[in-house]
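Visitor: I would like to learn how to read a few features of a structure. Please give the general idea each time, then the case at hand.

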Amino acid sequence: QYQGLARRSTNEVLQLYSAHSQQQKLQRSSVVIQMYGAIKKRLKRDLKSLHSFALELSKDFQRQSKTYLYQVLTAVQGIQLQNEAMQMFQVKAFDLEQSLQELTERYEKEKQKRRALHNSLVELRGNIRVHCRIRPLLPFDTAAGHLVSPDRQRNFSEVACAADDETVLVKCSRPGHASVNKTFQFERVYSASESQDTVFADVAPLLTSLLDGYNVCIMAYGQTGSGKTYTMLGPQPEENLVFAIEDESELGIIPRATQEVFRLISEKPPGSYWVEVSVVEVYNNEVFDLLAKDSCGKVFGIKRDVVTSREGKSDVPLLTHETVENASEFLHLVNKGLQLRVTHTTLVHAHSSRSHLVVTLTITTVVSEDNFGTSWEDEQTSQRLHKEFSCTFPQKMRESKSTSSSRASSPAQLEATDKMKQVKTRLQLVDLAGSECVGMSGVTGAALRETSFINRSLSALADVLGAIAEQRSHVPYRNSKLTHLLQDSIGGDAKLLLMLCISPDQKYLTESMQSLGFGTRARQVQRGQVRKKNFPVLSKAK
Ligand code: ADP
Ligand code: MG
């Protein structure tokens, strides 16, 4: 062909060449078309399977999403239900909380009512109110060499505690025996954490009674170290008995009661009441007048006697009664007396708990005879009395700042007024000697004497209470100077509050049980209704 071509013209060659290339093109395109067909087929097939896969996938996805959606819906519904339930619970809890609060309030009210009723019952029967105070464990409770941590100390040694505000719980355990819990009920029980304020809050209403015409006696009983002096006076720095006035919140019943008495008096018409103080110590069955002065005016502890007056009342002739006009005057005076208690040679004793201390506030007012036998608390009477007499008698009495040497002594001015009666009520505050049952063995001399006198006077007190409880015709008041001195208060002429003081420590278990037993017996004493004091002290003036 090419040889032939050589002979042919270029045109022919060119024609041939293009024909040839067209032929080749045609050949190629048919291959391409074939390939294309195959690829297309394949693609179609793949596309189809892809499509069906995608379809399957989407179906699957739909199925799954439906399941999940269902699950989510269920969960949401669950949450909604829970929310509703929660709201219901919240409402219920709120309701419950409210009704609990109402119940608590009602319970508190009922409790107060019950307490008031109980108090009236106590009053009607002439019972002795017994309160019990358990002091906290103190460092000196743990014997030297046996120092333990406060927690362990609590578990180990605290055997007496307040189960509630009316119950003392004592865990009695003896080696080799199962421990036994004993409970004692009193009108009020103070736990170790209760403050002087709380204790005094229960005492304060008695002071209102005092100005209403009742005699009142508050007596602290318990072994040495159980908190009698703390409760009655307040914390005492060392053995020097003085009021720690720096910290008012720590003050005990005596200073607080005085403040309260003067506060109550300040609400009355000026000059209608006046207050005298006496401080007495009973030591070794002797009565010492801690406010008595010798001829030079120096303070001097003088021995006094206790006698029974014609009216059958106990009296201490010549006992010093100092007039005081306010609480600080009173504190100053009592402090002087208390300091004498530890420095005077006839009164020297190792410990203040070896003697009984009796602080007496005598409150005098004047009532007109017209109103005799009725309450002079009546405001109108008070006002009238004030107008008629306060300008004369009490002021003069104050000006002279008299120290009357006998309770019967009275201002002469009063005798001039025809229709006047002088009425006295008495607040006796007693810090008894330690009630521990100290054995006599090994004790000699002064200590033996001291111990035997304390034991005798406290058992005389128990005997007197026993005789009254059994309503015996003879009550042995005169067996001891202590009971003779306190005869009128114990015997029914006064609202009597016995404050039992208890050490919580294991090692004082015997003494604590003895004190609790004493308190329990005292509570059972019924003396008949305590009478309001409205008899005239003076006979009618001429
Ligand atoms: P008592 O007069 O019965 O012998 P005290 O009143 O002297 O006893 O108390 C002994 C110690 O215990 C004192 O140091 C006192 O301050 C302390 N004490 C007593 N009762 C309490 C109390 N409730 N809180 C704190 N300390 C107290
Ligand atoms: Mg004391």
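Visitor: Which side chain meets that of Arg-263 in a salt bridge?

Guide: A salt bridge is a side-chain nitrogen of Lys or Arg within 4 Å of a carboxyl oxygen of Asp or Glu. Here the partner of Arg-263 is Glu-260, at 3.0 Å from N to O. This is a predicted model, in which local features need pLDDT of at least 70 and side-chain atom pairs count only at pLDDT 80 or more, while totals for chains, interfaces and linings use all residues. Residues are numbered from 1 along each chain as its sequence is written, chains are lettered from A and ligands numbered from 1 in the order in which they are written, and side-chain values use heavy atoms, with hydrogens and water left out.

Visitor: How many residues apart are Arg-263 and Glu-260 in helix α6?

Guide: Helices (H or I, at least four residues) and strands (E, at least two) are DSSP runs, numbered from the N terminus. Both residues lie in helix α6 (residues 253-266), and because they are 3 residues apart, about one helical turn separates them.

Visitor: Is Glu-260 buried or exposed?

Guide: Buried means under 20% relative accessible area, exposed over 50%, and partly exposed in between, with a 1.4 Å probe and protein chains only. Glu-260 has 14%, so it is buried. Arg-263 has 39% and is therefore partly exposed.

Visitor: How many salt bridges does the rule give?

Guide: The count is 19. One of them joins Glu-166 to Arg-114, with the closest N and O atoms 2.5 Å apart. This pair links distant parts of the chain, 52 residues apart: Glu-166 sits in the loop between β2 and β3, and Arg-114 in helix α2. Glu-166 counts as buried because its relative accessibility is 16%, whereas Arg-114, at 41%, counts as partly exposed. Another salt bridge is between Lys-303 and Glu-286, at 3.5 Å from N to O. Lys-303 belongs to strand β9 (residues 302-304) and Glu-286 to strand β8 (residues 286-289), so the pair ties together parts 17 residues apart in sequence.

Visitor: Which residues are joined into one network by salt bridges that share partners?

Guide: The network consists of Lys-111, Arg-114, Arg-115, Asp-165 and Glu-166.

Visitor: What is the strand order in the open sheet of 3 strands?

Guide: Two strands pair if DSSP finds at least two bridges between them. The order is β2-β3-β4, with antiparallel pairing. The edge strands, β2 (160-164) and β4 (180-185), each pair on one side only. Strand β3 (residues 167-172) pairs with β4 over 6 bridges, and Val-168 has Phe-184 in β4 as its bridge partner.

Visitor: Which residues form the nonpolar patch on the surface?

Guide: Patches are made of residues with over 30% relative accessible area and no salt bridge; like charges are joined within 9 Å, and nonpolar side chains (Val, Leu, Ile, Met, Phe, Trp, Tyr) within 5 Å. Accessible areas come from the Shrake-Rupley method with a 1.4 Å probe, and for residues only the protein chains shown count as cover. Val-31, Met-35, Ile-39 and Leu-43 form the patch, with about 390 Å² of accessible area together. Val-31 lies in helix α2 (residues 10-125) and is partly exposed, because its relative accessible area is 44%.

Visitor: How many disulfides does the structure hold?

Guide: A disulfide is a pair of cysteine sulfur atoms within 2.5 Å. The structure holds 0. For Cys-501, the nearest cysteine sulfur is that of Cys-132, 7.8 Å away. Cys-501 counts as buried, because its relative accessibility is 1%.
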